[in-house]
Amino acid sequence: MTTKGVLSVPHLMGIEGLTRDDATLLLDTARSFIEVNTRQLKKVPALRGRLVALMFFENSTRTRLSFELAAKRLSADTLSFSSSGSSVSKGETLLDTAANIEAMKPDLVVVRHEASGAPWMLERVMSGAIANAGDGNHEHPTQALLDAMTLLHRWQRLPKDGLLGKTVCIVGDISRSRVARSNMLLLPMLGAKVRVAGPATMLPAGLTDVYDVEVFDDVDEALFSGPAVDAVMMLRIQKERAARAVMGSDDDYAVGYGLTKDRFTRVLSRNADALVMHPGPMNRGVEIDAEVADSPQSVILEQTETGVAVRMAVLYLLALGHSRGVDGGAA
Amino acid sequence: MTTTSSKTPSITPSTTPAPSSGYCDLGAHIRFPRAPDEESINDLVRAARRGGIATVVVGVSGQPPVDNARFQAACAALQGKDGVRVIPAVCPVQGGGLADVASIERPAAWASSAASSSATSSSWLVPDEVRFVYRLPAPVDDAVLLRRVAETARARHALVITPSFDGALAAGAVAVEGAVATRLGLPGLPEAAEVIGLTRILSIAKLTGARFHVAGVFTAEGAALLASSGNERVTGSAFAAHLLLDETALLSRRYDTRYLRQPPLPTAASRQALIAAVKAGTLLVSSGHAHVPRRERDLEPIRATPGGTALSSTARLLRPILGDDVLDRAFGAGPTRCLGDAKTPRRSPPTGVGPFDGQGGDVNDDLGRCVQELAR
């Protein structure tokens, strides 16, 4: 249970493990940072003197920039690491790299890695609080939190009110998407109904045993049967996966599963306020048409903007919890 | 009692003569030549003796295995040491084709001969039945190649020990496909891969008349298929890890690479079916022994080598769930018969060693430590 404004967990490894109170606290705190980010002076001293290590073992643009900006707006010092040009590219293991960064005594560690479970490995050798910025196909918790925050903001709801009564449809490569996994946990936790859709080659086994979602291999059935959807979240298709025979051509995918202009027009005919989301980077013309991505119903850039506030909240609350843990509640 | 230290685990050989018969393991692997922090053949023999194992078939890990002939010569030099009979497996497949089997069989034949003369019991191989053991270190998905291996084995009276599953479907997998793998974001292997692999093996066995032993059966369907095949020349065994742990351990011990196994840990239902099949006598038991250096375990789950199993603790860990009689049959008499031994050896208790000590067990006893951790 969350008490006194502190998370019930020492690290943000995933949405799994968070309580509803944790999620509400994170989103409430993010709301206050959204306000900070509208000020002329966008910096607060919350993490002054703290060191945030940004360990990105996998390419990232927006998540990395977002975390870096979040740390700076909280007045933290940052230590940036990327695998290209580092000892990792010379064969150093993850744990060896982590042990060396640990020697610099970071208070907070933000990690992205291509392997599921990498943050759990870091926990063995690092003493700072860990924020998972995406691990393999497993989880991307801050993306799910910013997605939820964006929806709450657009629908003018408070975090404590959640997303009850709303339906979100996630479309794409569910099997290899950490964004989908985190959203399939967080959105139902906040009360939303979630549908997921994708080609059968992109739907993992046992989905409904793990997540409270409806599963469709026909995107039109997912979008147009039952109650109208309130938001459509398109996932990036990694084109290199076509070589692994999980999809046909880009054109095949666009016709079968893409959010085309025609398909989105049908979505709007059922709910004129339906929103469009995408975690980025987008493949325009494959999973989403340019007209849809740039339409007034698109909240894609709002997701990026909200991401900074959400990551400020994550860093702030993890640091708070870490201090209490380390200092015995003195902070 | 054997003394061990938690910081520097070691295997201390006993000077007490071991019984000439005991458990028989078809599932041990070793790397050869070994790196400094890896297990030697001597280590393996001592561990076998501590575990009450009197006969052990040892294959070379790696694909393709190297220096097979040298490895077999090294095994031959150890025949009868501490009363343990070491049967070096010949790897008939290297790369994508049939190896020069004759050149690597020569030292194996010498090893057989040495075993016959040095072991304290009567000859361990019945010449007309099995002369060599062929071990496939990875599944052979190519039916043409598998047929050639089987035909060669048949002609030379060799027992073929093979993995149970289709290798292509298993590529990269570290868990059984399903809810657990999906939840952890780990690449999964469908259980159907075992049915596909076993169907191919059973068909090739019927076609060629070769003797096969399928090591590491890990699904209920696979166990049932093997039981119903009606081909007495095809036997199967479950690895100790698959009888002791199921995939739910992956959830409780998140991303701890010692819990990753090859083949992956079974579902809870399959584990129960495997135990039932062993008790019913339709599956045997093998250790799945492998030593995994720490440097290979400390990698990310998708890159790490699956956790190890120690010969010294296999029987002790299995006894509570199988009982002495079943263990005698499934880890002693049955495997020995696979090798063509007409005798039914009795179980020999581990000597020179006390109750399993998780802190001080063999350096490669990941499985023993996992079982102990989960029991806490």
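User: A salt bridge is a side-chain nitrogen of Lys or Arg within 4 Å of a carboxyl oxygen of Asp or Glu. What makes A:Glu16 and B:Arg254 a salt bridge?

Analyst: This is a predicted model. In it, the closest N and O atoms of A:Glu16 and B:Arg254 are 3.0 Å apart. The cut-off is 4 Å, so the pair counts as a salt bridge. Across the interface of chain A and chain B, the rule finds four salt bridges.

User: How much area do chain A and chain B bury between them, and how many residues does each chain bring to the contact?

Analyst: The two chains bury about 1,600 Å² between them, with 57% of it on carbon and sulfur atoms. Chain A contributes 22 residues to the contact and chain B contributes 16 residues.

User: Which residues meet where H4(B) contacts H7(B)?

Analyst: From H4(B) they include B:Leu146 and B:Ala150, and from H7(B) they include B:Ile201 and B:Ile204. The residues of this contact divide into six nonpolar, one polar and four charged.

User: What is the omega of the peptide bond that joins B:Phe32 and B:Pro33?

Analyst: Omega is about -5°, and the bond is cis. B:Pro33 lies in the loop between strand E1 (23–30) and helix H1 (41–50) of chain B.

Terms used. Residues are numbered from 1 along each chain as its sequence is written. Chains are lettered from A and ligands numbered from 1 in the order in which they are written. This is a predicted model: local features need pLDDT of at least 70, side-chain atom pairs count only at pLDDT 80 or more; totals for chains, interfaces and linings use all residues. Side-chain values use heavy atoms; hydrogens and water are left out. Contact means heavy atoms within 4.5 Å. Helices (H or I, at least four residues) and strands (E, at least two) are DSSP runs, numbered from the N terminus. Ala, Val, Leu, Ile, Met, Phe, Trp, Tyr, Cys and Pro count as nonpolar, Asp, Glu, Lys and Arg as charged, and the others, Gly among them, as polar. Buried area is the accessible area (1.4 Å probe) that two parts lose on being put together, summed over both.
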